[in-house]
Structure formats: C-alpha cells, structure tokens
Amino acid sequence: MSAPVEAARATPSRGASQMYKAVIASSIGNALEFYDLTLYLYFAVTISKLFFPTSNPTTSLLLALGSFGISYLMRPLGAIVLGLYADRVGRKPALMLSIVLMMVGTFMMVVMPSYESIGILASIGVLAARLIQGFSVGGEFGASTAFMVEHGPARKGFFASFQFASQGLASVLAALSGVILSATLSADQIASWGWRLPFAFGLLIGPVGLYIRRNIEETPEFEATAEETTNSPVRDLFVQQWLNVLLATGLVATSTALNYMISYTPTYAVNQLGLPSWIGFVASFVGAVMLMTVAPLVGHWSDSIGRTPIMRAVVIAVFVLMFPAFALLISYPALLVIVPVLALIGGLKASYSAALPALMAEIFPTRTRSTGMNISYNVGVTLFGGFAPFWIESLIAITHTALAPSFFLMFAASVSLVCIVLVRRKFGLR
C-alpha cells in the first residue's frame, strides 16, 4: 500500500493533549541530542588542541572535524537498528533507548582526560563518544518524526516541524553557552576546563527527557497497524521502496547543508574571516533563533498550501543567494554583516526543514516509516552534513578561496531540487 493511500485511512486519535505531549516528548530529547552535536562543532578548535594536537593547527582541526565526520558513519547503522526497533516494537521504546545512548556519549565527553594526560587514548575516547552519539542520533529522526506525525495526522506539517524547531532550540542553547563562556572566561580557562561546562549542562537535561518519554503513550497509528507490521522492513525498503529512499535522501541534502553551515560558523569566522570567536557564536545564535521560531509557522503553512512549493522556492533561493552572500561576508567581515547572512541562512533552513519531515513521512507507509526515514535522513546527513565542515575546509585549502561554503550549499540545493520534482511526479504530493 502506498503512503498517500495509507494516509487517507482513518486513524485513531487521542485528542489534543496527547498530541502536544508527543511533541514535547520528541522535542526535548531531540534538542538534547543535537545540542551535544552542535557543541562539538562550536568548540572544534579547542577540542582539536586538547585531543588531537599536532605541530600544524590546520591538521589538528581537520583531525577533530574528521572524527566528527567519522561518527556520522555510525548514523546509518543506528538508523537501521533503531529504525527496525521502532517499526517492530514501537516508537516510544526506540526514543527511550536513543536518549540513554546519547547520555552515555555526553558523559564521556564531560570526563575525558586530555591528550596531554593519557596520550592517544584521549583521541580514541573522544572518537568512541562520537560513535555512540552518532549511533543514537541515527535512530532519533525517524522515530521522533513518526511519533509526532502519527499523533497528529491532520496537522503533519505543523507537528513534524518541531523536529527541526527543537534542533534550533539546541543550537540556541549551544550558541548561548559559547557566548557566555567567551564573555566570562579567559581563553586559557575555556581551553582548560570551561568547554566541558556546556556538555555537563546537557547531561543534566537527559534524565528529564527520559522521564517525559517514558510517560507518553504509543502512537495510535502504530497500534492500529501493529498486525500489519512487516518482519523485514529493510528488505521491503530496498526491494520495493528503493526509489523512495533515494528521493528522501536527496531531499535531506539542502536542509542538512544549511544546518551545519550555521553550526560551523564559529570555526569559519575565526579561521577564515579573522573574527573573534564571540562574533561567530552570536551569528550562529541568530541563525538558530530563526530555525526555532520560523519552522513551526512554515510547518503550519505547509498544511495549507503543500510541502513541495515551499521547498522548491527555498532551494532556488539558496542557489541564487549563497554566492553573493558569502562574497559580501568576505569583503566586509564584521558583526553587522555576518549576522544578516546567518539570519538569511537560518530563515532558508527553517522554511525548507519545516516542510521536510512531513513530506518524508508521507513517502513511507507506517510499517516501514521509521526505518525508511532513518536510513534516508542519516545517509543524507552523513554525506551533506557530517562531513560538511571537513569538505568545506578541504575546499578552502584546495581553491584558496573562502567562498567555498557557497559552492557546497549550491550543490546541495541542486540535488534537492531534482528530488522535489521527482517526488511530486511520483507520489502526486504537493
């Protein structure tokens, strides 16, 4: 049964109270997981010196960013394992497991000794923490999106938009942490122990998210179709729905490329523009606020006019605007320029991502929804997000121009535009 046909079937409802509880349960855990991931990028320069020291600062940074990217190779594995768990056992158990794993990885980052103390074991320990967190986040997107969509099938766009609004909240908290630390501690204090404080704060939030997820009901749509659950979601996906997976992966490209450009801004501001770190954090904060506030509004709008018109308009805007935006930023590297540029990127990211989860959910039927979205999302994020900082730094080194991020964003937009057109034709979705 196709996703659009299945979506038309009557689905049990538990009322507005359960719908909003589902959004809160999904959002708080999702925010925590992406908060930790964002922190790693924000403090990439510090982490590179503490855990990947070499005689060349650029090499150290590339090692730190490479470890960040390698951890994303665990996301497809987490997507399959936790996606299968969510499609067979339920969305709720999968969400509880993913947040526990994230807490383990965060704890390791908080207590990990530096390279100076334990040598290469410090580098291995940080990489292990990233791998655990990559596995955890790999299973988060599909389960949490399915959880929200299936609790509110009549308002898929609005509820699913909180998937990315919560990521915006995570980036806001991470950026605030960076601003506060930069304003209150010296560079030596941050490098010595201050960078651990934001990770410790995230660790304290974990039990709250776990408690909320434990006390929410399973989705009515999953329970209504429990008897139809397939024993081989992965086989069904790659044999019967392989094109769905490819198209959904391409849809993710623009969203994740924009998102990690926002997260990468502090590093870009320091290394390429010669700006103080606090300016990069302020700019990222503005971009994250845009994502947090604009996404629900556009998600609500997408329930009225459709997902694809909004997403198509955004990718065209990305292709047209990114080169001149970065050219302006390079010519005038200052707070009054970088903030509007990041506000633009944040607004485009929010508008595109607000419609994305609901469209992906409509592509896949209930019996393979979590696994399908997990695999598509995490392959897309691995290619266009996890290694994005590494690709950008490498492109800058090869081309000797700080305009490289715009080339990367334009390429991602081109991929997504092709997939949007094909999804509209194949599924008749708007």
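Buried means under 20% relative accessible area, exposed means over 50%, and partly exposed is in between, using a 1.4 Å probe and protein chains only. Welcome to this structure: it is a predicted model, in which local features need pLDDT of at least 70 and side-chain atom pairs count only at pLDDT 80 or more, while totals for chains, interfaces and linings use all residues. Residues are numbered from 1 along each chain as its sequence is written, and side-chain values use heavy atoms, with hydrogens and water left out. Helices (H or I, at least four residues) and strands (E, at least two) are DSSP runs, numbered from the N terminus.

**Confidence**

- The predictor's confidence in each residue is called pLDDT and runs from 0 to 100.
- The protein chain has a mean pLDDT of 82, with 93% of its residues at 70 or more.
- Confidence is lowest in helix H1 (residues 3-7), where the mean is 42, and highest in helix H18 (residues 308-331), where it is 91.
- Residues 1-13 have a pLDDT below 50, and this stretch has 22 contacts in the model beyond near neighbours in sequence. Contact here means heavy atoms within 4.5 Å.

**Where two helices meet**

- Helix H9 (residues 140-151) packs against helix H11 (residues 162-184) at an angle of about 120°, and their axes are 10 Å apart. Axes are lines fitted to C-alpha atoms, for helices over the stretch in contact, and angles run from 0 to 180 degrees between N-to-C directions.
- H9 and H11 are therefore oblique to each other: angles under 35 degrees count as roughly parallel, over 145 as roughly antiparallel, 65 to 115 as roughly perpendicular and the rest as oblique.
- On the H9 side the contact is made by Phe141, Ser144, Thr145 and Met148, and on the H11 side by Phe162, Gln163 and Phe164.
- These contact residues of H9 and H11 divide into 4 nonpolar, 3 polar and no charged. Ala, Val, Leu, Ile, Met, Phe, Trp, Tyr, Cys and Pro count as nonpolar, Asp, Glu, Lys and Arg as charged, and the others, Gly among them, as polar.

**Salt bridges**

- The whole structure holds 5 salt bridges, each being a side-chain nitrogen of Lys or Arg within 4 Å of a carboxyl oxygen of Asp or Glu.
- One of them joins the side chains of Asp36 and Arg130, at 3.3 Å from N to O. This pair links distant parts of the chain, with Asp36 in helix H2 (residues 16-42) and Arg130 in helix H8 (residues 120-138), 94 residues apart.
- Asp36 is buried, at a relative accessible area of 1%, and Arg130 is buried too, at 0%.
- Another salt bridge brings together the side chains of Arg213 and Glu140, at 2.6 Å from N to O. Arg213 lies in helix H13 (residues 196-214) and Glu140 in helix H9, so the pair ties together parts that are 73 residues apart in sequence.
- Both Arg213 and Glu140 are buried.
- Asp303 forms a salt bridge with Arg307, and their closest N and O atoms are 2.9 Å apart. Asp303 is partly exposed, with a relative accessible area of 25%, whereas Arg307 is buried, at 7%.
- A network of salt bridges links Asp303, Arg307 and Glu362.

**Buried places to look at**

- In helix H3 (residues 44-51), 6 of the 8 residues are buried, so this helix is largely enclosed by the rest of the structure. Its buried residues are Ala44, Thr46, Ile47, Ser48, Leu50 and Phe51.
- Pro389 is part of helix H21 and is buried, with a relative accessible area of 1%.
- Leaving aside neighbours within four places in sequence, Pro389 is in contact with Leu41, Leu65 and Tyr264.
- From Pro389 to Phe68 the C-alpha distance is 9.0 Å, although they are 321 residues apart in sequence.
- Ala253 sits in helix H16 (residues 242-271) and is buried, at 0% relative accessibility.
- Again setting aside neighbours within four places in sequence, Ala253 is in contact with Phe384, Ala412, Val415 and Ser416.

**Towards the outside**

- His400 is in the loop between helix H21 (388-399) and helix H22 (404-427), and it counts as exposed at 70% relative accessibility.
- Phi of His400 is near 60°, a positive value in a residue other than glycine. Most residues other than glycine have a negative phi.
- Thr293, in helix H17 (residues 277-305), counts as partly exposed at 40% relative accessibility.
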